[in-house]
Amino acid sequence: MSKNNVRAFLLMIVTGFMMGIAAIAPGISGGAIAVVFGLYEPITEAVGTLWKDFPRKLRFLAPLGIGAALGMLLFGRLILFFFSEYTAMTCAVFVGLIVGTLPSVFRTAARDGFRLRYLVATVLCAVAVGWVTTLNEMQYIATQPMLPHGLMLLCGGILGVGSVLPGTSASFVLMALGMYEPMLAAVSGLDIPRLVLLGIGFGAAFFMLARLIGWVYKKAYGWMSFAVIGMLLGSVWAVLPSLTEGVWNLLMIVLVVGAAGLSYGLLRIKG
């Protein structure tokens, strides 16, 4: 392997590493990172037509997969620490991060023109996500120290969907369902059986939806994009930390506003 090929391989691993972090960190989307690096369409095309010229597709996807797995495993411990020790403050920061990205997400969604009727999809999806998180079963899940194997498959599937849909923070959905911290515990504790199921769920969802999502975006980009915004808004509302009185209340507001300003400013610089 030539030096240029080695550099390209390592660069793909680093890109995958960042996508893995984005997949597991609330407020960030693995799909969005792929878009930033110009890899979203190549990835979905490679996955959607995997068996055509399989060796070449495998050489392209393998370093991304390796990097993503490393990012999730190594970053999971750090996220778990902050959620365990500073739960409310961590939630406030992540809520702020996603709020700051909303203007950019909206501009992207309206790139082919805004139609008022698209807001129907936004409202319906926001209400649906908010309603699901009020179910008693979700509160039960949140009290379990370790997720059952079936729910680890579901977690992987949700992460896979979030990686296919740019702008969708799958981790926010998991937080809203009460499954985020137990999933992180399995990742940071290297629970191999659960990690295998997480990987199977992720791969199955990603591979099945890559071609479908690409087709839907092409046929109904506006509807799909504003539905994604609705899912984001519903998830943010569900995990919004409870604000108490006095200084603590002020601290939560400062964290949300500060994190929102940071993510908004970074996107402005990138743009």
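Reply: F206 counts as buried, at 10% relative accessibility, whereas F207 is partly exposed with a relative accessible area of 40%. Here buried means under 20% relative accessible area, exposed over 50%, and partly exposed in between, with a 1.4 Å probe and protein chains only. Please keep in mind that this is a predicted model, in which local features need pLDDT of at least 70, side-chain atom pairs count only at pLDDT 80 or more, and totals for chains, interfaces and linings use all residues. Residues are numbered from 1 along each chain as its sequence is written, and side-chain values use heavy atoms, with hydrogens and water left out.

Now to the rings themselves. A pair of aromatic rings is described by the distance of the centres and the angle of the planes. Rings of Phe, Tyr and Trp (its six-membered ring) pair if their centres lie within 6.5 Å; planes under 30 degrees apart count as stacked, over 60 as edge-to-face and the rest as tilted. Searching the whole structure gives 7 aromatic pairs. For F206 and F207, the ring centres are 6.3 Å apart and the planes stand at 70 degrees, so this pair is edge-to-face.
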